[in-house]
Amino acid sequence: MFVFRLVSDFIAPLKSMCQQDQILMTLMKLRLGLKNADLALRFSVSASTVSKVINRCIPIVAVRLKFLIHWPSKETVKRNLPKKFRKKKYSNGRVIIDCSEIFTERPYNLKTRAKTWSNYKHHHTFKFLVGITPYGAVSFLSSSWGGRISDKDITLKSRFYNKVEYGDMIMADRGFTISEELALKGATLVMPPFTTGRTQLPGRIVQDARQISALRIHVERAIERIKNFQILSQICPLTFAPLLGDSVLCGSYKLTSKANQVILMAMLSMSWPFLYIKILRVKVKC
């Protein structure tokens, strides 16, 4: 009931739906990716009502959960540093960054079509930047941009550098050619070595590359868990694009610090009993 209390004061009840049903419908849309017609049947309302509730509630839920994604202090990161990061080479690790893309429909506008085309995915996409701490909590999340934007540009435009402090170590993939920008902040960039033009890498570099890949895998797993929210693993309709950034935030909050996992459990414990009741209602009506 924690999430209901957190959000309910900001959601006005409708004649056909109470506040609790509106929140439940929003969670089902995000987590299960159900169609509006399906939700309309489950909640015995019209499809237009479903669209109205989703468009209104997702931004509210995102705003109320935004405080869970925060940039921890350097002392907090060091205090919770995993064993693999305690080596001298990686002991200053502050954040691991990576980008992910969400497929979308082909835009009608030619300029928008060009901005959303991703040469990497060979599809029209929206792109966002994710940063996680060494202990696995999401500490940075950018807005969504067209898939054409490069990793370097999205790092600059998302104001990621404003978070970086002197002495920080940032871990990233090869596409993040941002070593000079980080050097101006007194930070260092750790990334796998480039293999272009090399027939064979020295043994020491190969060993370092394996260690970096073993540490970077955590951000890829975090992005994969964010996309467990089915609304983010489907092709995003153009009509849903304004809500995409808020949907990514809602999918990211569950990867925050261990203390905030209690809020996730509260949300799930609230959602599934009501979800089960709604399924029973549909079965009875059918």
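Contact here means heavy atoms within 4.5 Å. The structure is a predicted model, and by this criterion Ile-58, Pro-59, Val-61, Ala-62 and Leu-65 of helix H4 meet Asp-246, Ser-247, Leu-249 and Cys-250 of helix H11. The residues of this contact comprise 7 nonpolar, 1 polar and 1 charged. H4 spans residues 47-65, and H11 covers residues 244-252. Their axes come within 9 Å and cross at roughly 45°. H4 is therefore oblique to H11, since angles from 35 to 65 degrees fall between the roughly parallel and roughly perpendicular classes. The crossing of H4 past H11 is left-handed.

A search of the whole structure returns 3 aromatic pairs. One of them joins Trp-71 and Phe-160 in an edge-to-face arrangement, with 6.0 Å centre to centre and 75° between the planes. This pair links distant parts of the chain, the two residues being 89 residues apart. Trp-71 lies in the loop between H4 and helix H5 (74-79), whereas Phe-160 lies in the loop between helix H7 (151-157) and strand S6 (169-171). Both Trp-71 and Phe-160 are buried.

Phe-160 also pairs with Tyr-161. The ring centres of Phe-160 and Tyr-161 are 6.2 Å apart and the planes stand at 65°, so this pair is edge-to-face as well; the cut-off for that class is over 60 degrees. Tyr-161 is buried, as is Phe-160. Together with Phe-140, the residues Trp-71, Phe-160 and Tyr-161 form one aromatic cluster.

How values were computed: Residues are numbered from 1 along each chain as its sequence is written. This is a predicted model: local features need pLDDT of at least 70, side-chain atom pairs count only at pLDDT 80 or more; totals for chains, interfaces and linings use all residues. Side-chain values use heavy atoms; hydrogens and water are left out. Rings of Phe, Tyr and Trp (its six-membered ring) pair if their centres lie within 6.5 Å; planes under 30 degrees apart count as stacked, over 60 as edge-to-face and the rest as tilted. Helices (H or I, at least four residues) and strands (E, at least two) are DSSP runs, numbered from the N terminus. Buried means under 20% relative accessible area, exposed over 50%, partly exposed in between (1.4 Å probe, protein chains only). Axes are lines fitted to C-alpha atoms, for helices over the stretch in contact, and angles run from 0 to 180 degrees between N-to-C directions. Angles under 35 degrees count as roughly parallel, over 145 as roughly antiparallel, 65 to 115 as roughly perpendicular and the rest as oblique. A crossing is left-handed if the near helix is turned anticlockwise from the far one by less than a right angle, and right-handed if clockwise. Ala, Val, Leu, Ile, Met, Phe, Trp, Tyr, Cys and Pro count as nonpolar, Asp, Glu, Lys and Arg as charged, and the others, Gly among them, as polar.
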